[in-house]
Amino acid sequence: MKFTSLEEQAANTNVPYMLAPYVRMAKEILDGVRQVSERAADLIEQKLDTPELSLENCGGVLLEYIKAHSGAACSTDLTAENPVIQIVLDFYEIPSAWVFDKAQRTPVRTVDMVTAEIQLIQAQVKKVFYDAVIQIGTRLLEVKELVPHGEWTSYLENRLGYKPSTAQNYMRIAKEFGDGQVSLDGTDPQSLFGELGYAQLLPLLSLPDEERRTLAQENDLPAMSSREIEELVKAQKAAEDRAKQAESELQKAERSVQAAEEREANALAAQHTAEQRADKLQEEHTFLQNRLQVLTEQVEQTPIQAEVVPSEAELEQAREEVREKMQAALNAAEDRASKLEEAQTQLKSQLDTVHDKLEKVKNPAAMRVNLLFEDLQIQMDKLFSALAALQAEQPETGDKFRTAIYQYLALYNQRS
């Protein structure tokens, strides 16, 4: 017979943390009862439909009993002498005679019943240990302020038998997981980390509080070993490092784009200035050419004064001197124009180069893939170099690693 309501109530995530172990205890007792008594099983199924008789309320009764009887055993053994069993039977009005015969014999215990008891004890031990670590760490923080300067290590070793590193871990756990560390969503550290042992808590200390809480919400940390949690933390940090590196590369690419745009703007401004200078030189060249033509005409048309009659040779010499001066000015203008044209060609070449670089930089996604691919090539070279060294030293181990690596690459290639 399957009791869905009983299973659902035991798995209720809204049950307060302190009450959860006693709700599970009530469920374990009811599981045992319904296995030995069909009448009790039917009654339990009917009772659970009443909100007042929920597992949570029954757990509350058990909690009050434990508080009132400090030191009372919390056993779930189905015996008539067990007061915890009797409390649950009375709560659901189940006659003891339905569960125990006249000889008060204990029903046959099952693997599930014993396993549930072990799991309950494990949960209780973890909670007690977690609370103890927090309490010890809190008091270590307090006593550290009271111990005279320079005597801290001696105090730890001689009075408490702690190594300084152990005490430091206890104090860090108290700071990071103490009752005062409540997040914005209202969750307290105990609800997230209360089932973790000392070795499981240590790797989490290297993460910021927010990332640590996210890790706990996304993973079943209590079911993981300390080594698995340590690997999970390393993977988290590696992912963050890769994200930071990608962000840094993106920022670098953006700065490169900005610098390229500035260079392009400067090149365009230089080109514009050169074009203006070329226009001006061209105007000077045209002016000089026109001036030369005018002066030549004036010289040729100037009348010869009667009182001064130069010879034809002197006249030709004067004309030649004028032509030489004008030709020199024209040559200088043409030389400046030639140099300007050459400078324009160089500027255009530089501008084309800037344009090419700008087009490449404007695609940061492609740049990022290229950078990651280059990094992958480097890592693959290192991997196969290390594999070759391993095969040389330990051929059998090296062959196993080689087979595993090539199988992974083949599977990855099929997945792609």
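Tutor: The account below begins with helix 2, then turns to other parts and to the chain as a whole.

The model is predicted, so local features need pLDDT of at least 70 and side-chain atom pairs count only at pLDDT 80 or more, while totals for chains, interfaces and linings use all residues. Residues are numbered from 1 along each chain as its sequence is written, and side-chain values use heavy atoms, with hydrogens and water left out.

Helix 2 covers residues 20-36. Helices here are DSSP runs (H or I, at least four residues; strands are E, at least two), numbered from the N terminus. The end C-alpha atoms of helix 2 are 25 Å apart, which agrees with the 24 Å that its 17 residues should span at 1.5 Å a residue. That expected span is 1.5 Å times one less than the number of residues. Of the 17 residues, 14 are buried, so helix 2 is largely enclosed by the rest of the structure. Buried stands for under 20% relative accessible area, exposed for over 50%, and partly exposed for values in between (1.4 Å probe, protein chains only).

The axis of helix 2 comes within 8 Å of the axis of helix 4 (residues 55-68), and the two cross at roughly 110 degrees. Axes are lines fitted to C-alpha atoms, for helices over the stretch in contact, and angles run from 0 to 180 degrees between N-to-C directions. The two helices are therefore roughly perpendicular to each other; that label covers 65 to 115 degrees, with under 35 roughly parallel, over 145 roughly antiparallel and the rest oblique. On the side of helix 2 the contact is made by Tyr 22, Val 23, Met 25, Ala 26, Lys 27 and Leu 30, and on the side of helix 4 by Leu 55, Glu 56, Cys 58, Gly 59, Leu 62, Leu 63 and Ile 66. Contact means heavy atoms within 4.5 Å. By class, these residues are ten nonpolar, one polar and two charged. Nonpolar takes in Ala, Val, Leu, Ile, Met, Phe, Trp, Tyr, Cys and Pro; charged takes in Asp, Glu, Lys and Arg; the others, Gly among them, are polar.

Val 33 also lies in helix 2, and it is buried, with a relative accessible area of 0%. Leaving aside residues up to four places away in sequence, Val 33 touches Ala 40, Ile 44, Leu 78, Leu 89, Ile 94 and Val 99.

Glu 93 sits in the loop between helix 5 (83-91) and helix 6 (96-99). Glu 93 is exposed, at 57% relative accessible area, and has a positive phi of about 55 degrees although it is not a glycine.

Trp 152, Thr 153, Leu 156 and Glu 157 of helix 8 meet Pro 164, Ala 167 and Met 171 of helix 9. That contact has five nonpolar, one polar and one charged residues. The buried residues of helix 9 include Ala 167, Met 171 and Ala 174.

As for the whole chain, it has 16 helices and zero strands, and buried residues make up 29% of its 416 residues. Among contacts between residues at least 6 apart in sequence, 70% join residues at least 24 apart.
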